[in-house]
Amino acid sequence: MIGLVWKDLYSARSGVFAILLFALVFGLLFKDSWTGPMIVTLLFCNIGNSTLTWDEQCQWNTFAVSSGIPRRTLVLSKFEAGAVFVAMGTLIGLIAAVVFTVAGFNEMTLVENLQGVALGAIVAMVVMCLTIAITYWTGDSAKAQYMSTGIMVVSIIAMVSGSIIMTEMLDGAVSVIVVMAVIAVVAIAVAYKASCRRLESRDL
């Protein structure tokens, strides 16, 4: 399992630097609110999805299954690699939150910026799992990639908008984080089961 995760991390190493650059740029553009650190965290959620496309192109799943690796193990490794990328985004988001606060880039307190990072991490986990499941079901064709990207964008907008609305309705950001965390756990479980079902039904 660890070897499979390291394979994905190594394959996506070049994309990490590109996403890091975009994350810092967008973080600075939205530095005047808690969405800045949140966006920095959120942008890392789709790095792991690119490894699925590369696996399809080189027929990695066929080779792995013929080598005796269970299909559920392949799916789980994708989710674990995705979680590592989200953790990287969260760490960078935390650094950005501290820098934004110390440098006085915005009027938000450190706690509020950290809450934005926490929400970003939760949303990123959900989007990561959904994009992995969608890619398993749609494949790596151009049409499928457009569909996956579209669903990812809609999911991000829906969850970010929902978190903002819930912040106004509920008693503070902590309550919103708890609610979003519960939604994330359910989404991860559903996405994992859907991904396993799809890969197990495919003729590799």
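Mentor: At 56% relative accessibility, Gln59 counts as exposed, because exposed means over 50%. Keep in mind that this is a predicted model.

Trainee: Where does Gln59 lie, and what is its phi?

Mentor: Gln59 sits in the loop between H4 and H5. Its phi is near 55°, a positive value in a residue other than glycine.

Trainee: What is the secondary structure of the protein?

Mentor: There are nine helices and zero strands. Along the sequence the pattern reads α-α-α-α-α-α-α-α-α. Of the 204 residues in the protein, 41% are buried.

Trainee: Why is the pair of Trp60 and Phe63 called tilted?

Mentor: The search of the whole structure finds two aromatic pairs, to begin with. In the pair of Trp60 and Phe63, the ring centres are 5.6 Å apart, and the cut-off for pairing is within 6.5 Å, so the rings pair. Their planes stand at 45°; stacked needs under 30 degrees and edge-to-face over 60, so the pair is tilted.

Trainee: What separates Trp60 and Phe63 along helix H5?

Mentor: Trp60 and Phe63 are three residues apart in helix H5 (residues 60-66), so about one helical turn separates them. An α-helix has 3.6 residues a turn, so residues three or four places apart point the same way.

Trainee: Is Trp60 buried or exposed?

Mentor: Trp60 has 18% relative accessibility, and buried means under 20%, so Trp60 counts as buried.

Trainee: What makes the pair of Phe79 and Tyr192 edge-to-face?

Mentor: The planes of Phe79 and Tyr192 are at 85°, which is over 60, so the pair is edge-to-face. The ring centres lie 5.7 Å apart. This pair links distant parts of the chain: Phe79 is in helix H6 (residues 71-103) and Tyr192 in helix H9 (residues 173-201), 113 residues apart.

Trainee: Why is Phe79 called buried, and why is Tyr192 called partly exposed?

Mentor: Phe79 has 7% relative accessibility, under 20%, so Phe79 is buried. Tyr192 has a relative accessible area of 23%, between 20% and 50%, so Tyr192 is partly exposed.

Trainee: How do you know that Lys78 and Asp55 meet in a salt bridge?

Mentor: The count comes to two salt bridges. For Lys78 and Asp55 the N to O distance is 2.4 Å, and the cut-off is within 4 Å, so the pair is a salt bridge. Lys78 lies in helix H6 and Asp55 in helix H4 (residues 47-57), so the pair ties together parts that are 23 residues apart in sequence. Both Lys78 and Asp55 are buried.

Trainee: What makes Glu200 and Arg72 a salt bridge?

Mentor: Their side chains meet at 2.9 Å, N to O, and this is within 4 Å, so the pair is a salt bridge. Glu200 lies in helix H9 and Arg72 in helix H6, so the pair ties together parts that are 128 residues apart in sequence. Glu200 is partly exposed, with a relative accessible area of 39%, and Arg72 is partly exposed, with 40%.

Trainee: Which polar atom pairs involve the side chains of Ser77 and Thr131?

Mentor: A polar atom of the Ser77 side chain lies 2.6 Å from the backbone oxygen of Leu74. The side chain of Thr131 reaches the backbone oxygen of Met128 at 2.8 Å. Ser77 is found in helix H6, and Thr131 is in helix H7.

Trainee: Why are Ser77 and Thr131 called buried?

Mentor: Ser77 has a relative accessible area of 2%, under 20%, so Ser77 is buried. Thr131 also has 2%, so the label buried applies to Thr131.

Trainee: Which residues make the nonpolar surface patch?

Mentor: Leu91, Leu94, Ile95, Val98, Val99, Val102, Leu110 and Leu114 make a patch of about 660 Å². The elements that give two or more residues to the patch are H6 and helix H7 (110-138). H6 gives the most, with six residues.

Terms used:
Residues numbered from 1 in each chain as written. Predicted model: local features only at pLDDT ≥ 70, side-chain atom pairs only at ≥ 80, totals over all residues. Heavy atoms only, no water. Phe/Tyr/Trp six-rings, centres within 6.5 Å; stacked < 30°, edge-to-face > 60°. Helix = DSSP H or I, 4+ residues; strand = E, 2+ residues; numbered from the N terminus. Buried < 20%, exposed > 50% of the residue type's maximum accessible area, 1.4 Å probe, protein only. Patch = residues over 30% accessible without salt bridge, like charges linked within 9 Å, V, L, I, M, F, W, Y side chains within 5 Å. Areas by Shrake-Rupley, 256 points an atom, 1.4 Å probe, with all protein chains shown as cover. Polar contact = N/O pair within 3.5 Å; in protein donor to acceptor, adjacent residues only side chain to side chain.
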